[in-house]
Protein chains: 2
Amino acid sequence: MAKQAPATKPGVRGSRSGRPIMALLDLLGRRWTLRIVWELREGALTSRALRTACDEASPTILQTRLTELREAGFVELTDDGYGLTVLGRELFQTFTPLHRFAERWSKQEGS
Amino acid sequence: MAKQAPATKPGVRGSRSGRPIMALLDLLGRRWTLRIVWELREGALTSRALRTACDEASPTILQTRLTELREAGFVELTDDGYGLTVLGRELFQTFTPLHRFAERWSKQEGS
DNA sequence: TCTCATTGCTACATTTACTGTAGCAATACG
DNA sequence: CGTATTGCTACAGTAAATGTAGCAATGAGA
């Protein structure tokens with residue numbers, strides 16, 4: 001079940017082009033992926049706690065996404081539960097501008 | 001078919017919490033959404049050109065995503081085709097660190 | 001005006017992805 | 001032993017995405 005070479009695994013759309021950004025956009029563009037990274041931002045969570053944080057999402061898909069994120073090297077399973085790796089935290093850093101953008105977006109939306 | 005109040009439209013997962021980032025993560029976490037924004041980064045594309053750029057994705061889903069992105073205020077349809085709005089370009093700006101991250105990610109993956 | 005090509009967009013049957021519920025084996029605590 | 005976690009999986013049902021085809025509207029050319 002443990003795959004290798006995550007960055008270019010065949011099932012990833014856009015990875016045929018060899019452009020890493022495509023593989024990343026594809027991975028992040030799957031349901032719950034962005035959310036999981038977001039919810040783990042402040043520390044590790046157990047699978048159940050993560051599920052609660054993710055609005056009781058189906059454990060099936062959470063497990064699938066966690067496996068993908070682990071294969072990609074963004075998430076790891078420790079004694080404290082699932083947590084972001086160093087790489088995963090770097091990925092989360094790129095969300096910061098996104099967060100600020102979201103705030104601006106929601107405000108200009110009312111008009 | 002035309003909805004209103006995009007930031008808090010009922011179908012958006014995570015928006016019940018009222019946190020804009022959740023609505024944004026949900027929108028961006030749908031298939032082809034990230035990719036579309038990415039492909040429009042250098043200028044407007046016609047629907048067919050966008051489809052080609054998106055690896056011949058189904059026009060059905062592209063049209064759905066384009067509608068969502070237009071309702072969100074990120075994309076607009078002009079004489080040149082679909083293009084990013086000012087807001088959409090701001091959103092794309094947040095991808096820049098993601099792009100650089102993707103490059104680093106693909107390199108450390110081989111080990 | 002009659003093609004012909006392009007645009008944005010949609011129908012629809014098939015396939016894939018996701019959901020919701022239930023429950024497993026392993027571990028730990030009493 | 002019971003019971004309460006953990007990570008994880010099975011499976012039936014539902015929702016989402018794909019792939020192919022084609023529509024109406026627009027414009028260019030003969």
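Me: What rotation superposes chain B on chain A?
Reply: Quick caveat: this is a predicted model, where local features need pLDDT of at least 70, side-chain atom pairs count only at pLDDT 80 or more, and totals for chains, interfaces and linings use all residues. Residues are numbered from 1 along each chain as its sequence is written, with chains lettered from A and ligands numbered from 1 in the order in which they are written. Superposing by least squares on the C-alpha atoms of residues with pLDDT of at least 70 in both copies gives an RMSD of 0.0 Å and 0.0 Å of shift along the axis, for a rotation of 180°. The copies are thus related as by a two-fold rotation axis.

Me: How many residues of chain B are in contact with chain A?
Reply: Contact here means C-beta atoms, placed from the backbone, within 7 Å. On chain A's side 30 residues take part, and on chain B's side the number is 30.

Me: Which helix of chain B gives the most to the side that touches chain A?
Reply: Helices are DSSP runs of H or I, at least four residues, numbered from the N terminus. Helix 1 (20-28), helix 2 (33-39) and helix 5 (86-93) are among those giving two or more residues. With nine residues, the top contributor is helix 6.

Me: And which helix gives the most to the surface near DNA strand D?
Reply: Near means a C-beta atom, placed from the backbone, within 6 Å of the strand. Of the 18 residues around DNA strand D, those coming nearest include T46(A) and S58(B). With four residues, the biggest giver is helix 4 of chain A.

Terms used. Two residues are in contact if their C-beta atoms, placed from the backbone, lie within 7 Å.
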